[in-house]
Amino acid sequence: MALQNGELSKELLDSQAHIWNHLSGFINSMSLKCAVQLQIPDIISHHGSPMLLSELVEALNINQEKTLFVYRLMRILFHSSFFVKHSVLTTPRGNDEEGGEGYLLTPASRLLLKEETPSVRPFLLAMLDPMLMDPWQHLSKWFQNDDVTPFKQPMGGCYGILQANDGQLRVGPTNNCSFRLVNN
């Protein structure tokens, strides 16, 4: 695919974009996991109206030196359609007033609320748990060895999704390597 003419260069550019999209695909999943762990959908839901970024940052329990990065996280989640922006005319803040865009939930982000039914929150956290993500890092080794599943623990056995007494899904060792999806 040399850059000989416009069609070949477009094909090369499209091919590179396709690869880059696959390379960076994990960013969306990890950003969503981060938002759920920080309880961003719940905070916005409880706010009751479009929530300004400054209000969200104030409500989050995060290191103050990292507040500038919340904008980047929200931008990823906005472009992934987990939040929408809505104009906020003015919000009284002492002597000055702040206006701009506030965040609202989408139907998809409503499924991430902690106290709502139905909720995919426990499943999302279980599926993105490092114990279940790590075997994917070693998939090529699995194809080259005699293991039955790539989801083997370092000490033997397999990983599974377990439902705890509190209704939350957890990832942990199981006695066998057969999987069953747990429904609420």
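Contact here means heavy atoms within 4.5 Å. The model is a predicted one, in which local features need pLDDT of at least 70 and side-chain atom pairs count only at pLDDT 80 or more, whereas totals for chains, interfaces and linings use all residues. Residues are numbered from 1 along each chain as its sequence is written, and side-chain values use heavy atoms, with hydrogens and water left out.

View 1. Helices (H or I, at least four residues) and strands (E, at least two) are DSSP runs, numbered from the N terminus. Apart from neighbours within four places in sequence, Lys33 is in contact with Leu124, Leu125, Leu128, Asp129 and Pro130.

**View 2. The charge of Lys33.** Lys and Arg count as positive and Asp and Glu as negative, with His and the chain ends not counted. Lys33 is buried (under 20% relative accessible area, with a 1.4 Å probe and protein chains only), yet Lys33 has no salt bridge (a side-chain nitrogen of Lys or Arg within 4 Å of a carboxyl oxygen of Asp or Glu). The nearest side chain of opposite charge, that of Asp129, is 5.9 Å away.

**View 3. Helix 3 (residues 40–47) and the residue that follows.** The buried residues of helix 3 are Ile40, Pro41, Asp42, Ile43 and Ile44. Gly48, which comes just after helix 3, takes a positive phi of about 85°.

**View 4. The protein chain that holds these sites.** The secondary structure comprises nine helices and five strands, which run from the N terminus in the order α-α-α-β-α-α-β-β-α-α-α-α-β-β. Of the 184 residues of the protein chain, 27% count as buried.

Terms used. Buried < 20%, exposed > 50% of the residue type's maximum accessible area, 1.4 Å probe, protein only.
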